[in-house]
Amino acid sequence: MDHLGGYSQLLSCYVWKLKNCKFHMCSSEAVATIWTIEQVHRNYNFSMQKGRGRTSRIRRRKLLRTSASGGVNESHRSEFIELKKWLKERKFEDRNLTPAYFPGTGRGLMSKTSLREGQMIISLPESCLLTTDTVIQSYLGPYITKWMPPPSPLLALCTFLVSEKHAGDQSLWKPYLDILPKSYTCPVCLEPEVVDVLPQPLKAKAKEQRARVQEFFASSRDFFSFLQPLFVEAIDSIFSYSAFLWAWCTVNTRAVYLRPRWRECLSAEPDTCALAPYLDLLNHSPHIQVKAAFNKETGCYEIRAASRCRKHEQVFICYGPHDNQRLLLEYGFVSLHNPHACVYVSTEMLVKYLPQTDKQMNKKISILKDHGFIENLTFGWDGPSWRLLTALKLLCLETEKFMCWKRVLLGEVISDTNEKTSLDLAQKICNYFIEETSAVLQKVSDMKKEKVSLINQLILVETLWMEELKILQTSAEILNSLQTPFP
């Protein structure tokens, strides 16, 4: 009965987590926890049916250990078995990591053994990388070479992905294509009504992104038509917008960086992207630092651990010090407790609570623009940024103190009155954002009930807003403490 007790204990752990989840029951964490509970149930039922011997007990103990660490080993799944065979044929075999499913982050890589600081995590041979060289050396090469003007490196990669996916079982890259996401959650893929409930700065960038990708597709259609001799089916049915969008998102969200190269048959745009099978299963954490680069001497793309990692823990890399709006725009996810997360303050919000009678307002705004203090003004986990407070201090300068604006930009204190007024203004802006964010969260909650088909997209947007609400509430508390010295 030991195995039954172990499963019961594990299930109790996840049920407790679900009941005490800090997010709504439909949040991504809750959904992932429910999935894990179902997995444990399935594995328990399977084990009860398939065997009670020593081998079965060992397998069950391994399952319990990996589940308790947060990840469910997936190396037994057919797509990963085929991927590892394919990688082995290309001279890569991983002894440090194994594919696993993790609540909250989904598929990732788990350590098989303890990893020490500086240890090589992955060394992926160049033969495994999908680059523009791969494309040029393929059946697409002669067509790319003849096409004028030369296609961009990005177009070459996207074209190859669409073509290989269409080839299905005939594709030499099938094992890799089979583990790629079937769809993406970047804003360019979200439904318009979901984009409309994004924070304003992100909404504007999302619409720009969508327009840019649509234009990229439209301008590439003649090139796709040129490829018709390679296919039996009509080219428009293969290179549809949805297929192209999938390929564009694959490159945009998963590519690693290579040093710029130049190919005569490609345009002059930077050729720096490469897709790295298996390596791209590593998930992002803003708290992790790794050393990642292509090593010319070894001919491999290498990743070394910058810190220790225990056995059966998820291994992360860091995509960069990005805030959550940037992560959602470029990669399609939100990072919980992201230290780089922030809430942006627009120019309109800066002046929303200032007196309309200030005759120097236009001049003050002009000074802020000229000195780069009109953008990247934010609230963060540490409260209002120095740039935001500096901009507010300049905007709050009394008429007789206006000539001190240079001292303000240098960070000097002009007067207690100016300090208090700028902090009061920051508090008003913060409170406004808290009210607005709460209202949007209620709207998203209502949409989840009305538009069930969009539930996953709405959960993603909801998570972003909830993280921003926490930041604003923290900033409000900090501003209260900053105002204490002033009467």
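Helix H16 (residues 386-395) is covered by several elements, which include helix H14 (347-351), helix H15 (361-370), strand E12 (378-380), strand E13 (383-384), helix H17 (405-409) and helix H18 (416-450). Helices (H or I, at least four residues) and strands (E, at least two) are DSSP runs, numbered from the N terminus. Of the 10 residues of H16, 8 are buried, where buried means under 20% relative accessible area, exposed over 50% and partly exposed in between (1.4 Å probe, protein chains only). The buried residues are Leu 388, Leu 389, Thr 390, Ala 391, Leu 392, Lys 393, Leu 394 and Leu 395.

The model is predicted: local features need pLDDT of at least 70, side-chain atom pairs count only at pLDDT 80 or more, and totals for chains, interfaces and linings use all residues. Residues are numbered from 1 along each chain as its sequence is written, and side-chain values use heavy atoms, with hydrogens and water left out.

The protein as a whole contains 19 helices and 13 strands, and 50% of its 487 residues count as buried. Contact is taken as heavy atoms within 4.5 Å. Among contacts with a separation of 6 or more, 72% are between residues 24 or more positions apart.

The nonpolar interior comes next. A nonpolar core is a set of buried Ala, Val, Leu, Ile, Met, Phe, Trp, Tyr and Cys residues joined through side-chain atoms within 4.5 Å. The largest has 68 residues, and Leu 97, Ile 122, Leu 124 and Tyr 278 have the most contacts inside it. Helix H12 (residues 241-254) gives the most to this core, contributing 8 residues. Another core, of 61 residues, lies apart from it and has Ala 206, Cys 430, Ile 434 and Leu 472 among its members.

Not counting residues up to four places away in sequence, Leu 124 touches Leu 87, Phe 92, Leu 129, Ala 276, Pro 277, Leu 279, Gly 299, Cys 300 and Tyr 301. Cys 300 is itself buried, because its relative accessible area is 10%. The count of disulfides (pairs of cysteine sulfur atoms within 2.5 Å) is 0. For Cys 300, the nearest cysteine sulfur is that of Cys 128, 8.3 Å away. Cys 404 also counts as buried, because its relative accessibility is 17%.

Helix packing is illustrated by H10 (residues 200-226) and H13 (residues 324-331), whose axes come within 10 Å and cross at roughly 20°. The axes are lines fitted to C-alpha atoms, for helices over the stretch in contact, and angles run from 0 to 180 degrees between N-to-C directions. H10 and H13 are therefore roughly parallel to each other, a description that applies to angles under 35 degrees. On the H10 side the contact is made by Pro 201, Leu 202, Lys 205, Ala 206 and Gln 209, and on the H13 side by Gln 325, Leu 328, Leu 329 and Glu 330.

Two glycines complete the account. Gly 108 lies in strand E3 (residues 106-111) and counts as buried because its relative accessibility is 2%. Leaving aside neighbours within four places in sequence, Gly 108 is in contact with Thr 98, Pro 99, Ala 100, Phe 102, Leu 281, Asn 283 and Gln 314. The C-alpha atoms of Gly 108 and Asp 280 are separated by 8.8 Å, although these residues are 172 apart along the chain. Gly 71 is placed in the loop between helix H3 (54-68) and strand E1 (72-73), and Gly 71 is buried because its relative accessible area is 0%. The C-alpha atoms of Gly 71 and Ala 100, 29 residues apart along the chain, are separated by 5.7 Å.

Methods:
Parallel < 35°, antiparallel > 145°, perpendicular 65-115°, else oblique.
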